[in-house]
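Grab the coordinates and work through the exercises below. Each one has a task and then a solution in steps.

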Amino acid sequence: MPPIIHLLTAKLQEGISVSIVVKERGHNENDLSSIGFNIIHKPEHKLNCSIIDNKTTWYGDVNLIGKSQEDSSIIRLESPELVSSVYDSLTL
């Protein structure tokens with residue numbers, strides 16, 4: 001499993017909610033859901049993202065729960081307002 005999942009699992013154990021939006025299935029979604037992750041499948045979206053405690057999001061083309069390409073990138077946003085905009089744009 002990617003290292004970020006281990007870090008996010010620790011946050012789940014602290015009671016922090018974690019949602020991960022993916023465009024492709026087949027990357028341990030059931031296992032991650034059973035741990036407590038909210039996995040959202042959105043095949044129409046071009047990018048993946050993770051929303052953590054409605055305060056932080058990681059947004060880009062890095063597949064957070066699977067393999068990513070070498071030239072993938074991701075940005076971290078630390079703003080409830082920006083996270084809200086990302087959340088709204090995902091139409092969740």
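For residue classes, Ala, Val, Leu, Ile, Met, Phe, Trp, Tyr, Cys and Pro count as nonpolar, Asp, Glu, Lys and Arg as charged, and the others, Gly among them, as polar. Before you start: this is a predicted model, where local features need pLDDT of at least 70 and side-chain atom pairs count only at pLDDT 80 or more, while totals for chains, interfaces and linings use all residues. Residues are numbered from 1 along each chain as its sequence is written, and side-chain values use heavy atoms, with hydrogens and water left out.

**Exercise 1. Work out what lines the largest pocket, and sort the lining by class.**

Step 1: Set up the grid. It has 1 Å spacing over the protein atoms alone; a pocket is an open set of points where a 1.4 Å probe fits, with protein on both sides within 12 Å along at least five of seven lines, and lining residues have an atom within 4 Å of a point.

Step 2: List the lining: Ile4, Leu7, Leu8, Lys11, Ile16, Ile52, Asp53, Thr56, Trp58, Arg76 and Glu78. That splits into six nonpolar, one polar and four charged residues.

Step 3: Helix 1, strand 4 (56-60) and strand 5 (74-78) each give two or more residues, and helix 1 has the largest share with four.

**Exercise 2. Find the salt bridges and say how exposed their partners are.**

Step 1: Apply the rule: a side-chain nitrogen of Lys or Arg within 4 Å of a carboxyl oxygen of Asp or Glu. The count is four.

Step 2: Go through some pairs. Arginine 76 and glutamate 78 have their closest N and O atoms 2.1 Å apart; arginine 76 is partly exposed at 46%, and glutamate 78 is exposed at 51%. Lysine 11 meets glutamate 14 at 3.5 Å, N to O, with lysine 11 partly exposed at 33% and glutamate 14 exposed at 52%. Lysine 42 pairs with glutamate 44 at 3.7 Å, N to O, and lysine 42 is buried, at 14%.

**Exercise 3. Pick out the nonpolar cores, and look at what valine 18 touches.**

Step 1: Join up buried Ala, Val, Leu, Ile, Met, Phe, Trp, Tyr and Cys residues through side-chain atoms within 4.5 Å. The largest core has 13 residues, and Val18, Ile20 and Phe37 have the most contacts inside it. Helix 1 (3-13) and strand 1 (18-22) each give two or more residues to this core.

Step 2: Look for another set. A second, separate core of eight residues includes Val21, Ile40, Cys49 and Val86.

Step 3: List contacts (heavy atoms within 4.5 Å). Not counting residues up to four places away in sequence, valine 18 touches Leu8, Leu12, Phe37, Asn38, Ser50, Ile51 and Ile52.

**Exercise 4. Is glutamate 29 buried or exposed?**

Step 1: Check its accessibility. Glutamate 29 is buried because its relative accessibility is 13%.

Step 2: Leaving aside neighbours within four places in sequence, glutamate 29 contacts Val22, Glu24, Ile39 and Ile65.

Note on methods. Buried < 20%, exposed > 50% of the residue type's maximum accessible area, 1.4 Å probe, protein only.
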